[in-house]
Amino acid sequence: MDAKISVDKLWIDDDMVELHIVVSDGTSTFSNKVYAGHRKLKDVVAGLDQFRHQVHGGIYDLRFGQFGPEYASGAFHARLHFQDGGRLYITVVAQSEYIDFGKKHVARESTLYLTTEPAQLDDFVRALRAVSDGHSDNATLDASPPWGG
C-alpha cells in the first residue's frame, strides 16, 4: 500500500463539488467524502500554489468540510509543514459523516502522518488545479510514511 492523499471528484453541480478523499500512510487507510464550494476549491489551489514556495518553515492548513454533527457529510484537515530543509510533514485529521449508532450519534475519525518532497507537492497542486478547472477528476499527492517505509 502506497502512502498518499488522493482526491477524486464524485459529482458537481452549480454550487458544490463532492470529493472522495483517501489518505494512506502505507499501513493504515481512511476514506471519506466531503463537500466543497467551487470558490473553496479554487482558494485551496491558490493557497497551495503560494505555500509550495515556502520550503523554509511554511505552514498551510488544507481544509474541506466541517467537523461535528451539525454539518453535512465529512471533514478533512491536512496540516502541511515544511521542515528539515524542505521536507514536507503532513498531519491529516479526517472525519466521516455522522450516523446513528444505537443511542449515540457518531462519526469515524482518523489521524494519519505522512511526509513528502516539494516536487510531489508541485505535482499535486497542478493536478488539483485541473480538478478545480474541470479538466480532471483526480489529484494525488504521493508521500512516504514518516517512519521511512
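Two strands pair if DSSP finds at least two bridges between them. Strands (E, at least two residues) and helices (H or I, at least four) are DSSP runs, numbered from the N terminus. With these terms in hand, the tour may begin at a hairpin, which joins S1 to S2 through three residues.

The structure is a predicted model: local features need pLDDT of at least 70, side-chain atom pairs count only at pLDDT 80 or more, and totals for chains, interfaces and linings use all residues. Residues are numbered from 1 along each chain as its sequence is written, and side-chain values use heavy atoms, with hydrogens and water left out.

**First stop: the sheet that holds the hairpin**

Select residues 4-12, strand S1, and residues 16-24, strand S2; eight bridges pair them in the antiparallel sense. Within this pair, tryptophan 11 has glutamate 18 of S2 as its bridge partner.

On S2, turn to the pairing with S3, where nine bridges join the two antiparallel strands. Isoleucine 21 and asparagine 32, the latter in S3, are bridge partners.

Taken together, four strands form an open sheet in the order S3-S2-S1-S10, with antiparallel pairing. Strand S3 (29-37) and S10 are the edge strands, each pairing on one side only. On average, neighbouring strands of this sheet are turned by 20° against each other, direction ignored. Angles here run from 0 to 180 degrees between N-to-C directions, and axes are lines fitted to C-alpha atoms, for helices over the stretch in contact.

H1 packs on this sheet, touching S1, S2 and S3, and its direction makes about 115° with that of S3. H2 also packs on the sheet. H2 touches S1 and S10, and its direction makes about 170° with that of S10. For such touching, contact means heavy atoms within 4.5 Å.

**Second stop: the other sheet**

Now display strands S4, S5, S6 and S9. These four strands form an open sheet in the order S4-S5-S6-S9, and the pairing is antiparallel. S4 and strand S9 (109-116) are its edge strands, each of which pairs on one side only. From one strand to the next, the twist averages 15°.

Inside this sheet, S5 and strand S6 (residues 87-95) pair in the antiparallel sense over nine bridges. Alanine 75 can be found opposite glutamine 95 in S6.

Select residues 38-51 for helix H1, which lies across S4, S5 and S6 and runs at about 165° to S4. Then select residues 118-132 for helix H2, which lies across S4, S5, S6 and S9 at about 140° to S5.

Where they meet, the H1 residues include Leu41, Val45 and Leu48, and the H2 residues include Phe124, Leu128 and Val131.

Centre the view on leucine 41, which has its place in helix H1. Leucine 41 counts as buried because its relative accessibility is 4%; buried means under 20% relative accessible area, exposed over 50%, and partly exposed in between (1.4 Å probe, protein chains only). Not counting residues up to four places away in sequence, leucine 41 touches Val17, Phe64, Leu128, Val131 and Ser132.

Move to serine 73, in the loop between strand S4 (59-65) and strand S5 (75-83). Is serine 73 buried or exposed? Its relative accessibility is 12%, so serine 73 counts as buried. The side chain of serine 73 reaches the backbone oxygen of lysine 33 at 2.7 Å. Leaving aside neighbours within four places in sequence, serine 73 is in contact with Lys33, Val34, Tyr35, Ser96 and Glu97.

Finish at aspartate 84, in the loop between S5 and S6. Aspartate 84 is exposed, with a relative accessible area of 59%. Although it is not a glycine, aspartate 84 has a positive phi of about 50°.

Conventions: Polar contact = N/O pair within 3.5 Å; in protein donor to acceptor, adjacent residues only side chain to side chain.
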